[in-house]
Amino acid sequence: MPELPEVEAWVRELDPLVSRAPIDKAGPAHIATLKTFAPPLSSLDGRRFEGAKRRGKNLLFPLQGDDLVLRVHLMSAGRLRFLPAGAKAPKTPMFRVRFTGGDELVLTEGGKKKRAGVWLVTPEQLDEDLAHLGPDALELDAAGVGEILGRERRQLHPLLRDQRALTGIGRAHANEILLRARMSPFKASTDLSDEEIERLATAMHEDLTRALELRERGKGDSDVYVVHNRLGEPCPQCGTPIARVDFEEHTIYYCPSCQTGGRLLKDRRLSRLLR
Ligand SMILES: [Zn+2]
């Protein structure tokens, strides 16, 4: 699933492109992809986007006049591309916006399960739909991080991934941030000292801005992630082989030396007990 830096890099790339020309025709959209029916997609025809924005992992395309917003969530396998006029386009995308002059914004999705979504809503409806999202992880300072950590006693890894607490971080960047902060994924949020809160906030900011800078240069996961999906490879901070622990439905990567005082974390999947 794309996380904040990747989505933000796309937004910055798409922002000047989608407002270049008016919309010639919006749609068709796959029945599983289009989540709203009124107003119809045809109400976009002849209109013009103001640009591209982001809220959490949602891509937003407000219309000039601010009466409607097109929202796209790619989930894990969706891809949104801007194709200049004449470029080879997929025959049956999940969703397409064609601009006057022939440029296209095209959503495709790999895999059998279609989970990506497109919504056409008013700004008021958008606020309502996304009201559950916490503050953006890229905007948080140490005071903001401290406030979120102190609300209730939770383990750091699931808390960082909880979009209601803060938005933009998923499994991969939770791994990256906790390695950088040298903290156990299972450490309790309410046990952090002021120094640790500061360290976590700094790690979050440094990791996300580094990743954003790499994503803007078109770099992929193998350049962005130093601990995520790197079982057995040396930790970039200390050289210890990266370890992995399966926790409920999630897999967590971490460095035993930097994060857990040398301890290997126990597999907590229920399925292990049932085998
Ligand atoms: Zn290490």
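This is a predicted model: local features need pLDDT of at least 70, side-chain atom pairs count only at pLDDT 80 or more; totals for chains, interfaces and linings use all residues.
The protein is divided into two parts, domain 1 covering residues 4–129 and domain 2 covering residues 137–274. The centres of these domains, taken over C-alpha atoms, lie 31 Å apart. Where the domains meet, 8 residues of domain 1 are in contact with 11 residues of domain 2. On the domain 1 side, the touching residues comprise 3 nonpolar, 1 polar and 4 charged.

Helix H1 comes next. Several residues of H1 are buried, among them Leu 4, Trp 10, Leu 14 and Val 18. The buried residues of H1 also include a run from Pro 5 through Glu 6, Val 7 and Glu 8 to Ala 9. As for their surroundings, the buried residues pack against strands E2 (53–55), E3 (58–62), E5 (78–83) and E7 (104–109), and against helix H6 (194–216).

Strand E3 leads on to strand E4. E4 spans residues 69–73 and is mostly covered, with 4 of its 5 residues buried. E3 and E4 run antiparallel and are joined by 4 bridges, with Phe 61 having Leu 70 of E4 as its bridge partner. Together the two strands form a hairpin with 6 residues between them, and in the turn Gly 65 has a positive phi of about 100 degrees. E4 also pairs with strand E8 (residues 117–121), in the antiparallel sense and over 5 bridges. In that pairing, Arg 71 stands opposite Trp 119 of E8.

Note on methods:
Residues are numbered from 1 along each chain as its sequence is written. A residue is buried if 20 or more other C-beta atoms lie within 10 Å of its own, exposed if 12 or fewer, and partly exposed in between; C-beta atoms are placed from the backbone. Two residues are in contact if their C-beta atoms, placed from the backbone, lie within 7 Å. Domain bounds come from an automatic or database domain assignment. Ala, Val, Leu, Ile, Met, Phe, Trp, Tyr, Cys and Pro count as nonpolar, Asp, Glu, Lys and Arg as charged, and the others, Gly among them, as polar. Two strands pair if DSSP finds at least two bridges between them.
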